[in-house]
Amino acid sequence: MDTKLDPSRDDLPLMANTSHMLVKHYVLDLDVNFESQTIEGTIVLFFEDGNQVKKQTSSTKEICQLESNEACTFRTPEPCHIPATNARTDSSKLGYNDFAICDKGEKDTFDKDGNHDNQEQASGISSSEYCCDTRNHGREDFLLVLDCCDLSVLKVEEVDVAAVPGIEKFTRSSKLSVISEELRNEVVGELVTLPADRWREQLDYYARCGQAPGCGELFFDTDTWSLQIRKPGALTASEFPHAIRIWYKTKPEGRSVAWTSDQSGRPCVYTVGSPINNRALFPCQEPPVAMSTWQATVRAAASFVVLMSGENSAKPAQLREGCSSWHYYVTMPMPAATLTIAVGCWTEIKLEKDLVTERPFSSSEATFRCAGVCGHVEYPCRFQNASATAQEVIPHRVFAPMCLRDVCQETLLPLIPPCLSAAHSVLGTHPFSRLDILIVPANFSSLGMASPHIIFLSQSTLTGMNHLCGTRLCHEIAHAWFGLAIGARDWTEEWLSEGFATHLEDVFWTKAQQLSPHEAQEQQELRACLRWRRLQDELRNSPEEMQVLRPSKEKTGQVSDSGASVVKHGLNPEKIFMQVHYLKGYFLLRFLAKRLGSETYFSFLRKFVHTFHGQLILSQDFLQMLLESIPEEKRQDLSVENIFRDWLESSGMPKLLPDQLVLLLEHLLEQKTLKPQTLQSLQRTYRLQEQDAESMFHGREHRSLHISLELGTEKPLTVHTRAAFLTSSESSAILISVAVSICFFLDAAPGDRGCPDRSATGGASSW
């Protein structure tokens, strides 16, 4: 894994050594500067030891093997210009509001936009590539590796958490007479493991510790993909500081955020869902296993609105004239890549009248309020809150440029309550307590993107009828369960997020429209047909290796000893335009739902959500639980191994599915003449007599089936049938029945055929 990627490779490196130390919480303190197009400030990281505590001998050796072999050295700390917030040392003198987030007040020096005015000078910055210099510091020190890209790291220091008043409650001693590294780490260890019912106190002390003074600068170096930090004499992860502060600054060209203008021409910045995730927004641990919480204070000019992934609906606090501060927090641990921020001159769009109507909570829906203890790490979980489980429509806000107010009021706002309610009726408890929806600038490359507590929607969804807006909204809402509350442990298994969201968007949308069962079936069948054609086109025009949903196969979920890994094809420029994970995953779930039956499948899905919310999964976790819920007689040849082989670990599509057969027969219905050999081939290949010919729904259109069979040189045998109110599935069922009958007739002995008198029917035999 070179820092300079081989041009022939397109894997995204995840460099953080999460096996040694795991980030449990981030405290961000940032200024947004639109003049320089930078975000600048500090981030404090609180760690706990990882699963494997090793000496730096092994971790450094591994990093050296991953990186370039060119020699370079760590630079020692030197005097540097640091923002004035470093002077904040006595948290007891600071005013705490909203869980101890303190604004800077008059202690800071701001420029005219309310941003720090300091030069980009720092200790420890090295432009050369990193490797181990055993002559300077040996291999004994533990090396902390964070994912970092397109950032100017200015300074790294240890945080003196022992200086926070009242912190002694997190130690075994009533008085902190002797301050040591072990004592500071003990404080952090107790803080990060506080029980869920003390979350407010925990956030308060995270904020206090985040503003505690530093107690020593740390050596650091950066390369293309990572930030490496060490403390001389700290030989293991347990000896390394468990609370560190990093002073840094983003770059205008950084790939995690986009600096642009909104539809009204005013400046804005937002996270764009980059392939490199958030490592160009803040130094972090990118691997999904590093699930953490966060809180952030973001300052910007008073004319701007700051939206962010957070459980609270933040309101601006005025620091001084022309500058406001916004604070957000999250108590549910999630990967750092899910954090989202958007800063712009957004306007909150509201309806003239509140259209949210609560419908009665039926007893049938109450059955999926699963009881029992959750399987995730402890946090304030909505699945254990009775009022949260009954909440069909969570609080929500819509933000957009003022020029889009009318179209948002007309198209988007009326859709949100029914879509949220529909999602609740299918999956149960909303994992998140609130939702912001932002209409992002025109340069947004997708139709939507979901993050904790916030959804980005493209302005393209607001045009025309409400169908596109509704389906896209349902897709992003589905990600609250699949993609966020339940995440993939290996990012190559993207289908666990996108396949589920694509399958669920149809279900949510038909419920939101309050369609009848027949109308819902027709709409879903039509969308399935369109998706099938789209998938066929993509499979014909994409490399086979990009069509595999589980490209790492048996190595899926595995990492190196340090925790470093790669996301296969994560940097391939074609990947962002491909939909194979969406569509192939959708057809797999559609196939499984049909095998189980819709009611059984969605009952299982609710149980699965309750079992795995707040956790990371692999494909086998879902498939094993699903197969265990299928009666033996319905399981037939289904197994985890077979699904891996046919669906997840091979390119293209698996052998013919029921949906494909129906589509094939639909095409045959359009033919005027069929040869008997064609029907005989269909019978032999697809065993038509074993197919399900039951008609479940009745359509509205009159349809007739007319098939001519060429029997050698004889006059064609015409099979003619008329049936009113046939759906496509019924027409196909009739064709199956007709084909089976004809094949039986053709295969019978001449004297046993029982052929009707053709002269009596004018050469036609009618069924």
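**Helix packing and some single residues**

Mentor: Start with a helix pair: H10 and helix H11 (residues 517-540) pack at an angle of about 150 degrees, and their axes are 10 Å apart. So H10 is roughly antiparallel to H11; angles under 35 degrees count as roughly parallel, over 145 as roughly antiparallel, 65 to 115 as roughly perpendicular and the rest as oblique. Axes are lines fitted to C-alpha atoms, for helices over the stretch in contact, and angles run from 0 to 180 degrees between N-to-C directions.

Trainee: What is the handedness of the crossing of H10 and H11?
Mentor: Right-handed. That is the clockwise case; a crossing is left-handed if the near helix is turned anticlockwise from the far one by less than a right angle.

Trainee: Before we go on, what kind of model is it, and how are residues numbered?
Mentor: It is a predicted model: local features need pLDDT of at least 70, side-chain atom pairs count only at pLDDT 80 or more, and totals for chains, interfaces and linings use all residues. Residues are numbered from 1 along each chain as its sequence is written, and side-chain values use heavy atoms, with hydrogens and water left out.

Trainee: Back to H10. How far does H10 reach?
Mentor: H10 covers residues 495-512, 18 residues, and reaches 24 Å from its first C-alpha to its last. That is close to the 26 Å expected at 1.5 Å a residue. The expected span is 1.5 Å times one less than the number of residues. Helices (H or I, at least four residues) and strands (E, at least two) are DSSP runs, numbered from the N terminus.

Trainee: Where is the kink in H10 centred?
Mentor: On Leu 504, with a kink of about 25 degrees. The bend at a residue is the angle between axes fitted to the seven residues ending there and the seven starting there.

Trainee: How many residues of H10 are buried?
Mentor: 17 of its 18, so H10 is mostly covered. Buried means under 20% relative accessible area, exposed over 50%, partly exposed in between (1.4 Å probe, protein chains only).

Trainee: And what comes just after H10?
Mentor: Gln 514, which takes a positive phi of about 60 degrees.

Trainee: New topic: H12. How many residues has H12?
Mentor: It has 17, residues 580-596, and reaches 24 Å, close to the 24 Å expected. 14 of the 17 are buried, so H12 is largely enclosed by the rest of the structure. Just after H12, Gly 597 has a positive phi of about 95 degrees.

Trainee: Now loops. Where does Asn 277 lie?
Mentor: In the loop between strand E11 (267-271) and strand E12 (291-301). Phi of Asn 277 is near 60 degrees, positive in a residue other than glycine. Asn 277 is buried, at 18% relative accessibility.

Trainee: What about Lys 553?
Mentor: Lys 553 is not a glycine, yet has a positive phi of about 50 degrees. Look in the loop between H11 and strand E23 (565-567). At 35% relative accessibility, Lys 553 is partly exposed.

Trainee: Is Val 188 buried or exposed?
Mentor: Buried, at 2% relative accessibility. Val 188 lies in helix H3 (residues 181-192).

Trainee: Last one: which backbone nitrogen lies 2.9 Å from a polar atom of the side chain of Asp 11?
Mentor: That of His 569. Asp 11 sits in the segment before strand E1 (12-14), and is buried at 12% relative accessibility.

How values were computed: A polar contact is a pair of N or O atoms within 3.5 Å; within protein, one must be able to donate a hydrogen and the other to accept it, and residues adjacent in sequence count only if both atoms are side-chain atoms.
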